[in-house]
Amino acid sequence: MDSQQQPATQANKGSFMGRFGRRSVILISAIVIVLVVIATLTSQVISWNEADERLVHQSAFTGNLTVIDQAGPYLKAFGTTSAYKKVISINFTGDSTATASAIVPLIPIRFLDTTTGGARGVSRFRLPGNVPAGESGTLRGLLKIHEEFGSQETLISNLLMRATTENVKASARMMSVEQHYSGGNGQLSQDFSDQLTNGIFVTEQIISTGERDKTDDLNNLSKQQRVTINIRKDAEGNALRNAPILGAYGITVVDASIIDIDYESKVNARLEAQKQAAADEALARQNLKKAEQQARTEVALGEQAIAKQRAESEKLKIKEQIDAERVKANAIISAQQRVAVKAELAKEQAEILKQQRLEALGMDVLAEARQRAKSAALDPKYVFDETLKAEVKIQTALFKSLGNSRLVPEIMIGGGQGEQANGSEFMRLLAADAALNLQKRLEKK
């Protein structure tokens with residue numbers, strides 16, 4: 001009995017759990033389906049635009065094209081959209097890890113002298129936004145680009161990459177590899193940016209010497225020939241250009257530059273040879289300059305030695321001249337001294353002669369005086385005059401003596417020596433008396 005009740009109970013429980021599980025699965029599946037439908041409908045009605053993109057939206061009901069510039073959500077309304085970067089960059093550096101709208105390998109180029117290589121660089125383009133249609137209803141701006149190319153990938157491959165390649169090649173054809181290697185990379189990059197923006201130059205080739213062969217291939221040019229590129233100009237002197245292919249779509253060039261060129265192997269070998277030749281030439285020039293400097297140094301040293309020897313010679317010459325002048329001056333001074341001595345001697349001799357003449361004259365005068373005296377000695381008058389002069393002198397002396405004598409005698413009485421004093425006084429009186437007598441005689445005479 002118990003065994004029959006247990007299977008029945010288990011069957012009831014299994015059927016309940018089965019009914020509950022099926023219902024849950026159905027419910028969950030329905031909810032998921034509803035959410036998916038809602039999300040799908042929402043994504044078709046509302047979408048999102050990035051800040052660096054512009055969207056071309058085509059209405060699902062009218063087919064009209066509109067440009068969405070604003071970043072953020074927008075009403076899609078089941079329409080279709082095509083995304084275009086506002087600025088599209090093309091990187092042709094060969095770096096696969098670079099970040100750009102398009103990464104392409106190096107662009108093959110050919111220089112003016114037929115040398116080949118690969119150009120590395122970057123070009124960036126700004127796409128136009130929403131531009132109103134023209135009067136005829138033709139689309140312009142981004143709508144025109146979308147109408148002709150349909151997507152950004154097609155725009156890059158069929159327009160932007162083609163414009164970049166053509167301008168890189170056109171710029172490389174305007175110079176030789178030697179010109180580029182000698183510092184022409186800046187000019188090459190400038191020509192590339194200029195022609196990409198304003199159009200490729202209309203050029204013509206000019207062969208300076210020699211003649212070209214029958215074929216037009218530049219590889220057949222003779223080594224004696226030199227080809228240059230001349231930019232053609234109009235009557236006003238402006239450079240002639242081809243119409244820029246980007247200008248018709250309103251695309252502007254933000255930046256365009258050629259970073260470097262990878263030359264072909266033979267060019268590298270030739271450039272290495274030229275570099276070595278230039279280094280050898282520079283070394284030879286440096287050695288020549290050094291030799292010239294050494295020569296100038298030797299010349300300068302020789303000139304310095306000559307100048308020193310000349311200075312020594314001049315010094316000796318000047319010294320000899322000074323010594324000669326000194327000897328000459330000493331000789332002149334000695335001669336002048338001798339002349340002065342002779343003059344003094346002559347003067348002294350003249351004085352001596354004069355003195356001798358005076359002495360002789362005095363002797364004559366003395367002899368004459370003596371002769372005259374002898375003659376006059378016999379003359380009484382002369383004798384009397386001489387006697388008179390003598391007595392005058394005597395009387396004068398007597399008068400002076402009388403002036404110093406006492407005319408009144410002093411007689412002292414007493415004393416042992418009084419007699420001697422009185423005697424001297426008496427003798428003075430006698431002398432005075434004799435003088436007075438002599439005076440009287442003279443007065444009488």
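## Close-up views of a predicted model

View 1. R120 and D262 form a salt bridge in which the closest N and O atoms are 2.5 Å apart.

View 2. D69 pairs with R54 in a salt bridge whose closest N and O atoms are 3.1 Å apart. This pair also links distant parts of the chain, since D69 sits in the loop between β3 (65-68) and β4 (72-75), whereas R54 lies in strand β2 (residues 53-58), 15 residues apart. Which of the classes, buried or exposed, applies to R54? R54 counts as buried because its relative accessibility is 16%, while D69 is partly exposed, with a relative accessible area of 29%.

View 3. The side chains of R162 and E166 meet in a salt bridge, with an N to O distance of 3.6 Å. Because R162 and E166 are four residues apart in helix α3, about one helical turn separates them. R162 is partly exposed, with a relative accessible area of 38%, and E166 is also partly exposed, with a relative accessible area of 35%. Elsewhere, salt bridges that share partners join D52, E53 and K85 into one network, and the count for the model comes to eight salt bridges.

**View 4. The largest nonpolar core.** This core has 41 residues, and those with the most contacts inside it are L155, L160, L246 and I251. The elements that give two or more residues to the core are the strands β6 (87-91), β8 (107-110), β9 (116-126) and β14 (252-263), together with the helices α2 (142-149), α3 (152-172), α4 (177-198) and α5 (265-376). Among these elements, α3 gives the most to the core, with eight residues. When residues up to four places away in sequence are not counted, L160 touches I88, I90, F125, L155, L246 and I251.

**View 5. A nonpolar patch on the surface.** L27, I31 and L35 form a nonpolar patch on the surface, and together they have about 300 Å² of accessible area. L27 lies in helix α1 (residues 2-45). This residue counts as exposed because its relative accessibility is 52%, the cut-off for that class being over 50%.

View 6. The mean pLDDT of the protein chain is 76, and 71% of its residues reach 70 or more. Over residues 211-224 the pLDDT stays under 50, and for this stretch the model has 17 contacts beyond four places in sequence. Residues 413-419 also have a pLDDT below 50, but beyond near neighbours in sequence this second stretch has zero contacts in the model. Where pLDDT is low, the predicted coordinates should not be read in detail.

Note on methods: Residues numbered from 1 in each chain as written. Predicted model: local features only at pLDDT ≥ 70, side-chain atom pairs only at ≥ 80, totals over all residues. Heavy atoms only, no water. Core = buried A, V, L, I, M, F, W, Y, C linked by side-chain atoms within 4.5 Å. Buried < 20%, exposed > 50% of the residue type's maximum accessible area, 1.4 Å probe, protein only. Contact = heavy atoms within 4.5 Å. Patch = residues over 30% accessible without salt bridge, like charges linked within 9 Å, V, L, I, M, F, W, Y side chains within 5 Å. Areas by Shrake-Rupley, 256 points an atom, 1.4 Å probe, with all protein chains shown as cover. Salt bridge = Lys/Arg side-chain N within 4 Å of Asp/Glu carboxyl O. pLDDT = per-residue confidence, 0-100.
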